[in-house]
Amino acid sequence: MPQLNPEFFVSQLFWLFVFFSFLLVFLWRISLPRIATVLEKRQKNIDENLSSAKELKEQALEIEKNINLQLSKAKEEASQEVKKTVLELQEEVSFKLKTLDKDLEAKILKSEKEILKNKDDQMKNINNEIKNITKATIEKISDLKLPDNVINETIKSYKGNSS
C-alpha cells in the first residue's frame with residue numbers, strides 16, 4: 001500500500017494541509033456565512049410569524065369578545081320579546097275568557113228565562129187539561145154541565161189548600 005509507505009508521508013501531509021486549509025477557508029468565508037444568513041432569515045421569518053400570530057390571536061380574542069357581547073344582547077332581547085309576547089297572549093286569553101264568560105252568563109240567563117216561560121206554559125197547559133179532564137169526568141159521572149169558571153175556582157181553591 002502506497003499510503004503507508006514512509007517516503008510519501010511528507011507529500012501526503014502537504015496535500016492534506018493544503019486540502020484542509022482550502023476546506024477551512026471555503027467553509028469559513030463562503031458556506032458558513034450563507035448558512036448563517038439563511039438561519040437568520042428563518043429566525044426573522046419565524047419571529048415575524050409569531051408576532052403576527054400573537055396579533056391575530058389578540059384580534060380573534062377581541063372578535064370573540066364582541067361576538068359574545070352581541071350574543072348576550074341578542075339573548076336578552078329575545079328573552080324580553082318572549083316575555084312581552086307571553087304577557088300579550090295572557091292578556092288576550094284573559095280578555096277572551098272574560099268575553100266567553102259574559103256570553104255564557106247571558107246564554108244561561110236566556111235559557112233560564114226560556115225554561116221558566118216553558119214551565120209556566122206547561123203549567124197552564126196542565127191546568128187546562130186538568131180542567132178539561134175534570135169537566136169531562138163530572139159530565140160523564142153525574143150528567144152535570146158545569147161552567148168553566150166554577151171548575152177553575154174549584155181547582156184554584158184546591159191548589160190553595162194543598163200548598
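Reader: How many aromatic pairs does the structure hold?
Author: Three. Keep in mind that this is a predicted model.

Reader: Take phenylalanine 19 and phenylalanine 20. How are their rings arranged?
Author: Edge-to-face. The ring centres of phenylalanine 19 and phenylalanine 20 sit 5.7 Å apart, and the planes are at 70°, so the pair falls in that class.

Reader: And phenylalanine 22 with phenylalanine 26, what is that pair?
Author: Stacked. The planes of phenylalanine 22 and phenylalanine 26 are at 20°, with 6.3 Å between the ring centres. The cut-off for stacked is under 30 degrees.

Reader: How many residues apart are phenylalanine 22 and phenylalanine 26 in helix α1?
Author: Four, so about one helical turn separates them. In general, residues three or four places apart in an α-helix point the same way, because there are 3.6 residues a turn.

Reader: Is phenylalanine 22 buried or exposed?
Author: Exposed, at 57% relative accessible area. The cut-off is over 50%.

Reader: What about phenylalanine 26?
Author: Partly exposed. Phenylalanine 26 has 35% relative accessibility. Phenylalanine 20 also counts as partly exposed, at 46%.

Reader: Which residues make the nonpolar surface patch?
Author: Among them are Phe19, Phe20, Phe22 and Phe26.

Reader: Where is phenylalanine 19 found?
Author: In helix α1. That helix runs over residues 9–142.

Reader: Where is the kink in α1 centred?
Author: On leucine 27. The kink is about 45°.

Reader: What happens just after α1?
Author: Aspartate 143 takes a positive phi there, of about 55°.

Reader: Zooming out. How many helices and strands in the protein chain?
Author: Two helices, zero strands. The radius of gyration is 61 Å, well over the 15 Å that the globule rule gives for 163 residues, so the chain is more spread out than a compact globule.

Reader: What box do the C-alpha atoms fill?
Author: Roughly 185 × 40 × 20 Å, along the principal axes.

Reader: What share of the residues counts as buried?
Author: 2% of the 163 residues. Buried here needs under 20% relative accessible area.

Reader: And the accessible surface of the chain, what does it come to?
Author: About 15300 Å². Carbon and sulfur atoms account for 63% of that surface.

Definitions and conventions:
Residues numbered from 1 in each chain as written. Predicted model: local features only at pLDDT ≥ 70, side-chain atom pairs only at ≥ 80, totals over all residues. Heavy atoms only, no water. Bend = angle between axes of the 7 residues up to and from the residue. Patch = residues over 30% accessible without salt bridge, like charges linked within 9 Å, V, L, I, M, F, W, Y side chains within 5 Å. Areas by Shrake-Rupley, 256 points an atom, 1.4 Å probe, with all protein chains shown as cover. Salt bridge = Lys/Arg side-chain N within 4 Å of Asp/Glu carboxyl O. Rg over C-alpha atoms; globule rule 2.2 N^0.38 Å. Buried < 20%, exposed > 50% of the residue type's maximum accessible area, 1.4 Å probe, protein only. Phe/Tyr/Trp six-rings, centres within 6.5 Å; stacked < 30°, edge-to-face > 60°.
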